[in-house]
Number of protein chains: 4
Amino acid sequence: MGNFIKALEPGWLKLAQQAHTVADNAYAPYSDFPVGCALELNDGTVVLGANQENASYPLSMCAERVALFSAKTQFPSKTIDKLFIIAPNSKSKLPIAPCGACRQVIYEMQKRQSSPIEIVCGSEETGYLHFNDAGELLPNAFGPEDLL
Amino acid sequence: MGNFIKALEPGWLKLAQQAHTVADNAYAPYSDFPVGCALELNDGTVVLGANQENASYPLSMCAERVALFSAKTQFPSKTIDKLFIIAPNSKSKLPIAPCGACRQVIYEMQKRQSSPIEIVCGSEETGYLHFNDAGELLPNAFGPEDLL
Amino acid sequence: MGNFIKALEPGWLKLAQQAHTVADNAYAPYSDFPVGCALELNDGTVVLGANQENASYPLSMCAERVALFSAKTQFPSKTIDKLFIIAPNSKSKLPIAPCGACRQVIYEMQKRQSSPIEIVCGSEETGYLHFNDAGELLPNAFGPEDLL
Amino acid sequence: MGNFIKALEPGWLKLAQQAHTVADNAYAPYSDFPVGCALELNDGTVVLGANQENASYPLSMCAERVALFSAKTQFPSKTIDKLFIIAPNSKSKLPIAPCGACRQVIYEMQKRQSSPIEIVCGSEETGYLHFNDAGELLPNAFGPEDLL
């Protein structure tokens, strides 16, 4: 369960701005629901994602996973420390948390490193939703330890 | 967060047995991890699912979603009351909870009806994991209310 | 490459009607694009699918895969002989062929049996698109033989 | 249908080498089947992808889509001109073509631009498979024109 917070800590401000900006690069003609994601690696590198939809809806991809997959392709041995997402068009005006599929991917990426991935879901109008790590997003998670 | 329970209540016994049996129909040549799912509708109808893998791993499908999609195709106006899953080959011997993608699908199907979907994840050896409804699987969920 | 045909052969008429009917069971609040699928097994059993969408678009599922996964869960040792799909709301009024994800699933299910899966994509207004087997849908396919 | 070619044209050599190298960044503990993808934009920019698997197999992602989604996030207005993929561990020693899901994504990205995406699938041992554009990968494709 995440915690609502009113304002961002200084370390998140630049990330939040980059996530908001990259939402303009979403391809969302079907949902009209652009989402932007910015994640920060342990050396300060920022990797971005914007959702990319498809006429066959199941082949659409969320902003979070675009950023996560791109980060691990480019920098497989760096850890992911922070992940910020924002959906500027959200009707509810509330912070939007990742979908279950993205949570599963964040969870396994956190397992691959020895440190938590901190997540903030943003809304300029109503505040932010903060998660200390992927486990809060996916209680009693299924993961690699069950399979290998 | 789910609760561990030692034994199944009587109303779940037949469902558990059907989920275990249908796991034999899984097509899992890549993971060797068959999973069976049985769900019960409000009139007692049972619908089954077994995971169906693909050489292109992203096109594999979980047992839970096979059952859920099949149920709503056949009986769109009935409610889903109970869902039981079991992975007989699990290395951890612990009950296996649904992956994040399945949680998101369960969540929206629960939203489509006016009653909760109760979920039990089984392991004959170590007990069961019980969730009162889809919200326990997906705290702070993203859902249709954010989009429409 | 499929072939356009003007009229259905008698063996497809009942299947086409069932696919059309089950499209009413689609859950398509986001796309307003219901699709129905009916497939026939070697003993004449018919299994149905209707698309089931999700607010997280990537977690939506196509009608074809609902029917295919359900068929193999219930009848893993029967072969799939015929598959018919129709999208009653299609703007183009042309027969709609399966998306790439469904093609990959049809392809591997065909590999699992010793006989082709014949596919017809329907439109009552403009005729039908016919494929002799899954290979026509997915030339130079990636499949289990590359992996195992 | 693609064409087999013995050797790469000079314009593809660097791209092929980058795809081969980035396959080392794949996270493929379940399949042991790393894949690398390199695509080139109209201004010569190269964007890379490596497959990223998940214990929940359906949440795995192919190398091609990692590269494609990342490219459109970073450079939404540039066109994708060339895409090269290679699976260094392929048992068949033959060039591996994209799965159906990736074909559908390539297809819609080609639709978004006014020029074809040329695709080469590589194998150092047995030659290459060449496609002039996404249409050759997905005959009678379903696409945005059917939906919007």
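This is a predicted model: local features need pLDDT of at least 70, side-chain atom pairs count only at pLDDT 80 or more; totals for chains, interfaces and linings use all residues.
A crossing is called right-handed if the near helix is turned clockwise from the far one by less than a right angle, and left-handed if anticlockwise.

**Entry 1**

I started with helix α3 (residues 100-111) of chain C and helix α3 (residues 100-111) of chain D, whose axes come within 6 Å and cross at roughly 160°. Anything over 145 degrees counts as roughly antiparallel, so α3(C) is roughly antiparallel to α3(D). By the definition above, I have α3(C) passing α3(D) in a right-handed crossing. Which residues make the contact? I listed C:G100, C:A101 and C:Q104 on α3(C), and D:G100, D:A101 and D:Q104 on α3(D). Sorted by type, the residues of this contact come out as two nonpolar, four polar and no charged.

**Entry 2: the sheet in chain B**

Next I traced the strands of chain B and got an open sheet of six, in the order β1-β6-β5-β4-β2-β3, with mixed pairing. The edges are β1 (3-5) and β3 (46-50) of chain B; each has a single partner strand, so one side of each is left without a neighbour in the sheet. On average, neighbouring strands of this sheet are turned by 20° against each other, direction ignored. I then checked β5 (residues 118-123) against β6 (residues 127-131) of chain B: they run antiparallel and are joined by five bridges. One pairing I noted is B:I119 with its bridge partner B:F131 in β6(B).

**Entry 3: the sheet in chain D**

In chain D I found an open sheet of six strands, ordered β1-β6-β5-β4-β2-β3, again with mixed pairing. β1 (3-5) and β3 of chain D sit at the edges with a single partner strand each, so each has one side without a neighbour in the sheet. From one strand to the next, the twist averages 20°. Strands β5 (residues 118-123) and β6 (residues 127-131) of chain D run antiparallel, with five bridges between them. Here I picked out D:C121, which stands opposite D:L129 in β6(D). Helix α2(D) packs on the sheet, touching β2 (36-41), β3 and β4 (80-86) of chain D, and its direction makes about 140° with that of β3(D).

**Entry 4: D:M61**

Last, I looked at D:M61, in the loop between β3 (46-50) and α2 (63-74) of chain D. Is D:M61 buried or exposed? The cut-off for buried is under 20% relative accessible area, so at 5% D:M61 counts as buried. Leaving out residues up to four places away in sequence, D:M61 touches A:M61, A:F69, B:P58, D:N51, D:Q52, D:V66 and D:F69. I also checked D:K6, 55 residues from D:M61 along the chain: their C-alpha atoms are separated by 29 Å.

Definitions and conventions:
Residues are numbered from 1 along each chain as its sequence is written. Chains are lettered from A and ligands numbered from 1 in the order in which they are written. Side-chain values use heavy atoms; hydrogens and water are left out. Two strands pair if DSSP finds at least two bridges between them. Helices (H or I, at least four residues) and strands (E, at least two) are DSSP runs, numbered from the N terminus. Axes are lines fitted to C-alpha atoms, for helices over the stretch in contact, and angles run from 0 to 180 degrees between N-to-C directions. Angles under 35 degrees count as roughly parallel, over 145 as roughly antiparallel, 65 to 115 as roughly perpendicular and the rest as oblique. Contact means heavy atoms within 4.5 Å. Ala, Val, Leu, Ile, Met, Phe, Trp, Tyr, Cys and Pro count as nonpolar, Asp, Glu, Lys and Arg as charged, and the others, Gly among them, as polar. Buried means under 20% relative accessible area, exposed over 50%, partly exposed in between (1.4 Å probe, protein chains only).
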